[in-house]
Amino acid sequence: MKIGIDIGGSHIGIGVVNENGKIIEKYETDLSNNQVALNNTNESNLNNEISLNITEFIEKYIIENIKKIQKNYNIDVIGVASPGTPQNGKITTMVNLGIKELDITNIIQKVYNGKIIVKNDAKCAGLAEKTYGSLNKYDDCVFLCLGTGIGGSVFINGKQLEPKRYPAFEIGHMVIQKDGKICNCGKKGCFETYCSIKRLKDELIQELNLNKEIMAKDLLEIIKSKNQDENVRRIIKEYINNLIVGLSNIIDIFEPEAIALGGSFVYFEDILYNELVKTYNEKRYAFNKEKLPELKLAILCNDAGIIGATL
Ligand SMILES: [Zn+2]
């Protein structure tokens, strides 16, 4: 058995994964605004710990769960899907939680002395979709994770491309607008400043004058009910047009057979996917118009990070 740990901007998931890539046991908790909200009633022993600072909480949560899992399973490897670019087994930037560095390898080694792998989360999710999910029929394909930012993973001839020096495939930081909106990375006009789901949500929340803390589920219902609202339609159309520009660049560079869209994009499928397919089929931006890659929706969703971390 393997353990996959997915550490996101506002969430931790820990799963026991079998040799067929199936999660057989899973523990999850939300982390948001430095306030730890425990949503797993089985974790009542941690309820007293909500005043711990966030780093201590993450450490305690991971250690307790690894200990618990090890009581029932023999673990061969522990994989971690980390946001950003992990270096030397450490997670270096967790912007949303305000953590500069988290030595996740050291934390895990306190209770486990086997093999530990730390990889970028979008690459983990891509590997899971390629191996067990929406991309498993394709040799040449691209996985795009549209969430807080945009991450990606590219496969050619069935192999995930992995450069020697840096992880690369910072697809979210491909410039799609010269002198455009400023990005967290310091450049202007990056793909993710126009097409992350976070950016889309922020724009819709502002347009509709909604509370910033609104749950995604409620936001989705409101948008659906305002389907004919001119400004809502304009924002979605603009989002899709920008997404097509990014997709067009990816298609012309890699000529994949398929592209899978994952992350919280999948959650907003109802309001985005049809519009995307319609615009995509107009083939305005494709160089090779005869054979556009298939557009897929990721199917492993929240589990992709956990599964991919163990691959
Ligand atoms: Zn950027």
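A residue is buried here if 20 or more other C-beta atoms lie within 10 Å of its own. Take Phe169 as the case: 23 other C-beta atoms fall within 10 Å, so Phe169 is buried. Phe169 sits in the loop between strand 9 and helix 4. Apart from neighbours within four places in sequence, Phe169 is in contact with Gly152, Ser153, Val154 and Leu161. From Phe169 to Gln70 there are 99 residues in sequence, and 35 Å in space, C-alpha to C-alpha.

Before I go on, a word on confidence. This is a predicted model. The chain has a mean pLDDT of 88, and 92% of its residues are at 70 or more. The exception I want to point out is residues 33-51, where the pLDDT is below 50. In the model that stretch has 22 contacts beyond near neighbours in sequence. Where pLDDT is low, predicted coordinates should not be read in detail. I leave those contacts there.

Now the domains. The domain assignment gives domain 1 as 2-113 and domain 2 as 124-301. Their C-alpha centres lie 27 Å apart. Six residues from domain 1 and six residues from domain 2 make up the contact. On the domain 1 side, the touching residues are two nonpolar and four polar, with no charged ones.

Next, the core. The largest nonpolar core has 70 residues, and the members that touch the most others are Ile5, Ala128, Leu144, Leu146 and Ile259. Helix 7, residues 230-254, gives the most to this core, with nine residues.

Not counting residues up to four places away in sequence, Ile259 touches Cys141, Val142, Leu144, Leu247, Ile250, Pro293, Leu295 and Lys296. Two of these partners, Leu247 and Ile250, are also among the buried residues of helix 7.

On to helix 7 itself. At 1.5 Å a residue, its 25 residues should span 36 Å, and the end C-alpha atoms are 36 Å apart, which agrees. Its buried residues are Val232, Ile236, Tyr239, Ile240, Leu243, Ile244, Gly246, Leu247, Ile250 and Ile251. An α-helix has 3.6 residues a turn, so residues three or four places apart point the same way. The cover over the buried residues of helix 7 includes strand 7 (141-146), helix 4, helix 5, helix 6, strand 10 and helix 8 (269-281).

After helix 7 comes Glu255, with a positive phi near 45°. Most residues other than glycine have a negative phi. Glu255 belongs to the loop between helix 7 and strand 10 (258-263). Its count is 13 other C-beta atoms within 10 Å, so Glu255 is partly exposed.

Asn209 also has a positive phi, near 55°, and is a residue other than glycine. Asn209 is in the loop between helix 5 (197-207) and helix 6 (216-225). Is Asn209 buried or exposed? With 6 other C-beta atoms within 10 Å, Asn209 is exposed.

Helix 3, residues 121-132, is next. Its twelve residues should span 16 Å at 1.5 Å a residue, and the end C-alpha atoms are 16 Å apart, so the two agree. Ten of the twelve are buried, so helix 3 is largely enclosed by the rest of the structure. The buried ones are Asp121, Ala122, Lys123, Cys124, Ala125, Gly126, Leu127, Ala128, Glu129 and Lys130.

Asp179 is in the loop between strand 9 (159-160) and helix 4 (191-195). It has 8 C-beta neighbours inside 10 Å, so Asp179 counts as exposed. Leaving out neighbours within four places in sequence, Asp179 is in contact with Lys188 and Gly189. Ile223 is 44 residues from Asp179 along the chain, and their C-alpha atoms are separated by 30 Å.

Tyr285 is in the loop between helix 8 and strand 11 (294-297). With 17 C-beta neighbours inside 10 Å, Tyr285 counts as partly exposed. What does Tyr285 contact, leaving aside its neighbours within four places in sequence? The partners are Ile244, Val245 and Ser248. Of these, Ile244 is one of the buried residues of helix 7. Tyr285 and Leu297 are twelve residues apart in sequence and 21 Å apart in space, C-alpha to C-alpha.

Terms used:
Residues are numbered from 1 along each chain as its sequence is written. This is a predicted model: local features need pLDDT of at least 70, side-chain atom pairs count only at pLDDT 80 or more; totals for chains, interfaces and linings use all residues. pLDDT is the predictor's confidence in each residue, from 0 to 100. Two residues are in contact if their C-beta atoms, placed from the backbone, lie within 7 Å. A nonpolar core is a set of buried Ala, Val, Leu, Ile, Met, Phe, Trp, Tyr and Cys residues joined through C-beta atoms within 7 Å. Helices (H or I, at least four residues) and strands (E, at least two) are DSSP runs, numbered from the N terminus. Domain bounds come from an automatic or database domain assignment. Ala, Val, Leu, Ile, Met, Phe, Trp, Tyr, Cys and Pro count as nonpolar, Asp, Glu, Lys and Arg as charged, and the others, Gly among them, as polar. The expected span of a helix is 1.5 Å times one less than its number of residues.
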